[in-house]
Every structure is written in structure tokens, then in C-alpha cells.
Amino acid sequence: MKQSLFITLNTLISFVIGYVTWGVVLKSQPAGTIAHSVYQGGPLVVVLITIFLMLIAFVVERFISLYKVAKGNSSVQIFFKKLVTLLQSDDYDGALAACDKQRGTTANVLRAGIERYRQVRGDKSIDAEKKLTMTQSAIDEANALEGPLLERNLIALSTIASIATMVGLLGTTIGMIRAFAATGNVEGGVIDAQQLAVGISEALVNTAGGLISGILGIFFYNFFVNKVDAFNYTTDEATFEVIQLLKEKEGK
């Protein structure tokens, strides 16, 4: 699925669910319950629910992408040991087949380098240094393509965390304005307690909603950034070892 389509569908579906949850489910709850208090948070609750659901969708997408797609079909360490054994025995077809079977970021990057080296290794018109340079270039190109896939939607997580906090603060401000308005409209020396309670409830509900999404957004953003860094480190280490192995074969 294209990235723009995923974001559009995520936003629309989350908004519809948020609106139905606020306007139908929460509204129908008995007065005095927590669910009804959330409804009293006002229309901004729809935005907060939408943001929260979008956040969950992005988190699930990142988990699937990093742990199922980027990692590959088996342990990277086991795959790499097998790959080194195949390269040491000059079985380049077997090494490419192993990469195809493993899949994932590291395997894709290594496959690009091994494929390029296999193409040029028998060319007598190209010296050893040029062969290694071409191999490294193929690896760098593949790495440049794989990098954005690992980092996809991380900016969205960071943005959601910031927006959620701001929306929660906006709801807090609106709720406090209503609360102070209730204290200002005094008739017969009696403050409208119901309006005051509604204003305070709106402020607190929006504050809580904004903080929940903001905290989760920041947590998962940093969590996935660390995972991406770990993937990049593993890939860099593996490509370095492969280049060193090929250098030994070329007598460099």
C-alpha cells in the first residue's frame, strides 16, 4: 500500500471511529460515569480519539515492518554465518539464494553487493580495487533505498505526539474559559455549579487525552528510532565483514 494512501485511510477511518465513539457511544452512557465525563470533554475529544487511533495504527505498522519485514525470515546472525561460509567457498549463487530466502534489510543490502561482485569478478579488464569499489557502491545504493523504509512513519509518530499535546492544551484552555465564565455568570449570588463542573471536566478530559497520546507517541518514537539504529548497525557491520572477505579473495 502506498504511503499516502495508508495515511489518508488511517486518518479517515480514525476520524469516523472517533466521531461515532464520542457522538454515539459516550453520549449514551449514564451521567456520572467516566465515559459520560469523557463525552463532556467536547468536540475536541473526537480529535483526540482520532489522533490516538492514528498513533496505534502507525505503531502496529512499524512493529510489522521492523520485526516481520526488515528483520527477515530468521535470525540475522545465523543467516550471516551461513552467508560467510558460502562466500568463502565461492558459492555466489548459493549466497544469493540465501539472501533471497532470508529477505529483510540486511539480506537485501548484502545481495546487491554480492550480485555486483559476481558480475565483475571474472572481468580481467577491471582491477581488484575497481571491483571492490563497484561492490561497495552497489551496497551503498541498496542501503540508501532500504533506509527510508526503516524510518517510514517515524516523523508521523513524532508529529502526533506534538499535536496531541497541543490539542489537549487547547481543550484545557477552552474548558477553563467555560469554567471561569460559569463563575462570572452569578445569579442571586449562586454560581452555576453544573456549568462550572462541565468546564472543569472538559479541561481535565482534554488534558488527559492529550497527555496519553503525547506520552505514547514520544515513547514509541524513541523506541523505534533505537530499533532502526540497531538495524543500521547490524547491516553496516555485516557489509563491512563481506567487503573484508572479498578483499582477501582479491589479495588486497
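A polar contact of 3.0 Å links the side chains of Thr 106 and Thr 235, and that pair is a handy way into this predicted model. Thr 106 lies in helix H6. Is Thr 106 buried or exposed? Its relative accessibility is 5%, so it counts as buried, the cut-off being under 20%. Setting aside residues up to four places away in sequence, Thr 106 touches Val 76, Thr 234, Thr 235 and Ala 238.

H6 and H9 pack with their axes 9 Å apart, at an angle of about 20°. That makes H6 roughly parallel to H9, since angles under 35 degrees count that way. The crossing of H6 past H9 is right-handed. On the H6 side, the residues that meet H9 are Thr 105, Thr 106, Val 109, Leu 110 and Tyr 117. Their counterparts in H9 are Thr 234, Thr 235, Ala 238, Thr 239, Val 242, Leu 246 and Lys 249.

H4 also packs on H9: the two axes come within 11 Å and cross at roughly 10°. So H4 is roughly parallel to H9 as well. Here Val 76, Phe 80, Val 84, Leu 87 and Gln 88 of H4 meet Thr 234, Ala 238, Glu 241, Val 242, Leu 245 and Lys 249 of H9.

**H6 against H7**

How are H6 and H7 oriented, roughly parallel or roughly antiparallel? The axes of H6 and H7 (residues 128-151) come within 8 Å and cross at roughly 155°. H6 and H7 are therefore roughly antiparallel to each other, and their crossing is right-handed. H6 brings Thr 105, Asn 108, Val 109, Ala 112, Gly 113, Arg 116, Tyr 117 and Val 120 to the contact. From H7, the residues include Met 134, Ala 138, Ile 139, Ala 142, Glu 146 and Leu 150.

| Helix pair | Axis distance | Axis angle |
|---|---|---|
| H6 and H9 | 9 Å | about 20° |
| H4 and H9 | within 11 Å | roughly 10° |
| H6 and H7 | within 8 Å | roughly 155° |

H5 covers residues 92-102, and its buried residues are Tyr 92, Gly 94, Ala 95, Leu 96, Ala 98, Cys 99 and Gln 102. What do these buried residues pack against? They pack against H4 (76-88), H6 (104-120) and H9. At the start of H5, a side-chain oxygen of Asp 91 comes to within 2.9 Å of the backbone nitrogen of Gly 94.

Most residues other than glycine have a negative phi. Asp 90, in the loop between H4 and H5, has a positive phi near 60°. With a relative accessibility of 41%, Asp 90 counts as partly exposed. Arg 103 sits in the loop between H5 and H6, and its phi is likewise positive, near 60°. Arg 103 has 55% relative accessibility, so it counts as exposed.

**The nonpolar cores**

Which residues have the most contacts inside the largest nonpolar core? Phe 58, Val 59, Leu 66, Leu 150, Leu 157, Ile 160 and Phe 224 do, in a core of 21 residues. Helices H3 (44-70), H8 (154-184) and H9 (193-249) each supply at least two of its residues. H3 gives the most, with 9 residues.

Take Phe 58 from that list. Beyond its neighbours within four places in sequence, Phe 58 is in contact with Phe 6, Ile 7, Asn 10, Asn 153, Ala 156, Leu 157 and Ile 160. A second, separate core has 19 residues, among them Phe 79, Tyr 92, Cys 99 and Leu 246.

Leu 55 and Leu 157 are 102 residues apart in sequence, yet their C-alpha atoms are 6.6 Å apart in space. Not counting residues up to four places away in sequence, Leu 55 touches Leu 157, Ile 160, Ser 213, Leu 216 and Gly 217.

Terms used
Residues are numbered from 1 along each chain as its sequence is written. This is a predicted model: local features need pLDDT of at least 70, side-chain atom pairs count only at pLDDT 80 or more; totals for chains, interfaces and linings use all residues. Side-chain values use heavy atoms; hydrogens and water are left out. A nonpolar core is a set of buried Ala, Val, Leu, Ile, Met, Phe, Trp, Tyr and Cys residues joined through side-chain atoms within 4.5 Å. Buried means under 20% relative accessible area, exposed over 50%, partly exposed in between (1.4 Å probe, protein chains only). Helices (H or I, at least four residues) and strands (E, at least two) are DSSP runs, numbered from the N terminus. Contact means heavy atoms within 4.5 Å. A polar contact is a pair of N or O atoms within 3.5 Å; within protein, one must be able to donate a hydrogen and the other to accept it, and residues adjacent in sequence count only if both atoms are side-chain atoms. Axes are lines fitted to C-alpha atoms, for helices over the stretch in contact, and angles run from 0 to 180 degrees between N-to-C directions. Angles under 35 degrees count as roughly parallel, over 145 as roughly antiparallel, 65 to 115 as roughly perpendicular and the rest as oblique. A crossing is left-handed if the near helix is turned anticlockwise from the far one by less than a right angle, and right-handed if clockwise.
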